[in-house]
Amino acid sequence: MRDQRLWTWHIGAGAVILVLLGLHMTVMHLDAIVRIFNPAPGEPVDWANVVARSKSVFFLVTYVLLLGTALFHGFYGLRNILFELNPGAPAKKAMNGLFLVAGLVLFAIGTWAAWAGFTVARSA
Amino acid sequence: MADHTVTSEVVFRIRRFDPTTDADPHWEDYRFPCPPGMTVLEGLKQIKESLSPTLAWRSSCRMGVCGSCGMFINGRPRLACNTQVSELESSLITVAPLPNFNIIRDLVPDLIPMFKAHAETQPYIIRDDTNEQQQPTGEYWQSAHQLEQYLQFSYCIKCGCCMAACPTYATDPVYAGPMPLAQAHRYNSDSRDGGFAARKQVLSGERGPWRCHFAGECSRVCPKGVDPARAIQLMKRQLVFDYLKLGKQKCPASIAKVPDGLKRREGIPETPPRTI
């Protein structure tokens, strides 16, 4: 049951990443063609455009969602690669714990950074 | 291009291993004339009859049905009985036991792990109506479309060629392998079966289809044209839909009763008595 559940979430996370990375690529790299979410003139990474995006609740949510799905997708994939090396049960348990803790810590740091960017941009 | 109508000389390079005398497997060459139409299995029999009586392998039907003679022939898992020497386009024929299995002796692989995994997936019709199965009153109804859902997977002869070709099974002993998983899907997709929940106990765990990398080698080498890689992907989809509760609840097929008042046409003999 566990692998069925994790695999389903893995696939779901992959689908979400596909959409959110598509949005990221469109905003950051197709600016010359599809100019969205970059209200100020200049590059998408110019301060004015970064602040404009960071003020948006939509971008706050998508940043956090992309972070969470990418962390889960990446760590679950790495866990599968390591599990295929056929480690013993204690090593498997340790890896599960390590990836869970690392994922949660990185998610907390990333969420805090996104929230900090949001509040700074709002007050700018 | 080689002329396949005349007798030519071939060399069979065979991987030999006798656990009672050998520490490691080694190669031995056997040179003999190969008449047109000779199969690899016939070549092995010729070697055993005239060159090396101790050579061991498994075979039975000689017609690609029993699945006993799966071997690694010229770098690819094949059935020895189904492979003509001429189709290999080489005068050097290398024959080794199927990879990914322990060797019992010479060309005899230990297929027990494969059949254990096969048995774990409960590869048979599972239904609640035990009495009907013991004493049938009719036949389970099934449409042609429902038959198509599993028919190609039922052609599997359990030869182990797909297991020998699978790169995941080569490195990961936890993975059940293409044959057991394809056969589990064969029964999961049978409209007469109601055993998905029982099989899910194994399939949803780490022995299930999740570790398949979709290399597709299993389907490429299958001597019966079965597509185990497709079965495994369909199984993944079925299990994901099951977790999301999006799958259709399958009711095992009902019984199609024999209509009353039917009369047998003249000249058609009676059904022989049941033997079991």
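The buried residues of helix 1 of chain A are covered in part by helix 3 (57–83) of chain A together with helix 10 of chain B. Contact here means that the C-beta atoms of two residues, placed from the backbone, lie within 7 Å. The residues concerned are Asp3(A), Gln4(A), Trp7(A) and Ala13(A), which are buried. A residue is buried if 20 or more other C-beta atoms lie within 10 Å of its own, exposed if 12 or fewer, and partly exposed in between. The model is predicted: local features need pLDDT of at least 70 and side-chain atom pairs pLDDT 80 or more, whereas totals for chains, interfaces and linings use all residues. Residues are numbered from 1 along each chain as its sequence is written, and chains are lettered from A and ligands numbered from 1 in the order in which they are written.

Helix 1 of chain A covers residues 2–29. Its 28 residues reach 39 Å from first C-alpha to last, close to the expected 40 Å. The expected span is 1.5 Å times one less than the number of residues. Chain A has four helices and zero strands. Its elements run α-α-α-α from the N terminus on. Helices (H or I, at least four residues) and strands (E, at least two) are DSSP runs, numbered from the N terminus.

The C-alpha atoms of chain A fill a box of roughly 55 × 30 × 20 Å along the principal axes. Buried residues make up 9% of the 124 residues of chain A. Of the contacts in chain A with a separation of 6 or more, 63% involve residues 24 or more positions apart.

Leu67(A) lies in helix 3 of chain A. Leu67(A) has 18 other C-beta atoms within 10 Å and is therefore partly exposed. Not counting residues up to four places away in sequence, Leu67(A) touches Phe107(A), Gly110(A) and Thr111(A). Lys55(A) is twelve residues from Leu67(A) in sequence, and their C-alpha atoms are 18 Å apart.

Ten residues of chain A are in contact with 14 residues of chain B. On the side of chain A that touches chain B, three residues are nonpolar, three polar and four charged. Ala, Val, Leu, Ile, Met, Phe, Trp, Tyr, Cys and Pro count as nonpolar, Asp, Glu, Lys and Arg as charged, and the others, Gly among them, as polar.

Chain B contains ten helices and nine strands. Its C-alpha trace spans about 65 × 55 × 40 Å along the principal axes. Of the 276 residues in chain B, 34% are buried. Among its contacts between residues at least 6 apart in sequence, 69% join residues at least 24 apart.

Strand 5 of chain B pairs with strand 1 (residues 8–16) of chain B in parallel, through four bridges. Phe12(B) stands opposite Ile93(B) of strand 5. Strand 3 (residues 70–73) of chain B also pairs with strand 5, in the antiparallel sense and over two bridges. There, Phe72(B) has Ala96(B) as its bridge partner. Two strands pair if DSSP finds at least two bridges between them.

Helix 2 of chain B spans residues 112–120, with Met114(B), Ala117(B) and His118(B) buried. Seen down the helix axis, these buried residues fall within an arc of 105°, so they line one face of the helix. The arc is that of the directions from the helix axis to the C-beta atoms. The buried residues pack against helix 5 (161–165) and helix 7 (178–188) of chain B. The face turned away from them carries the exposed residues Ile112(B), Lys116(B) and Ala119(B). Gln122(B) follows helix 2 and has a positive phi, near 50°.

Most residues other than glycine have a negative phi. Asn100(B) has a positive phi, near 75°. This residue sits in the loop between strand 5 (92–96) and strand 6 (103–105) of chain B. Asn100(B) counts as buried because it has 22 C-beta neighbours inside 10 Å. Lys245(B) also has a positive phi, near 60°. Lys245(B) lies in the loop between helix 10 (228–243) and strand 9 (255–257) of chain B. With 7 other C-beta atoms within 10 Å, Lys245(B) is exposed.
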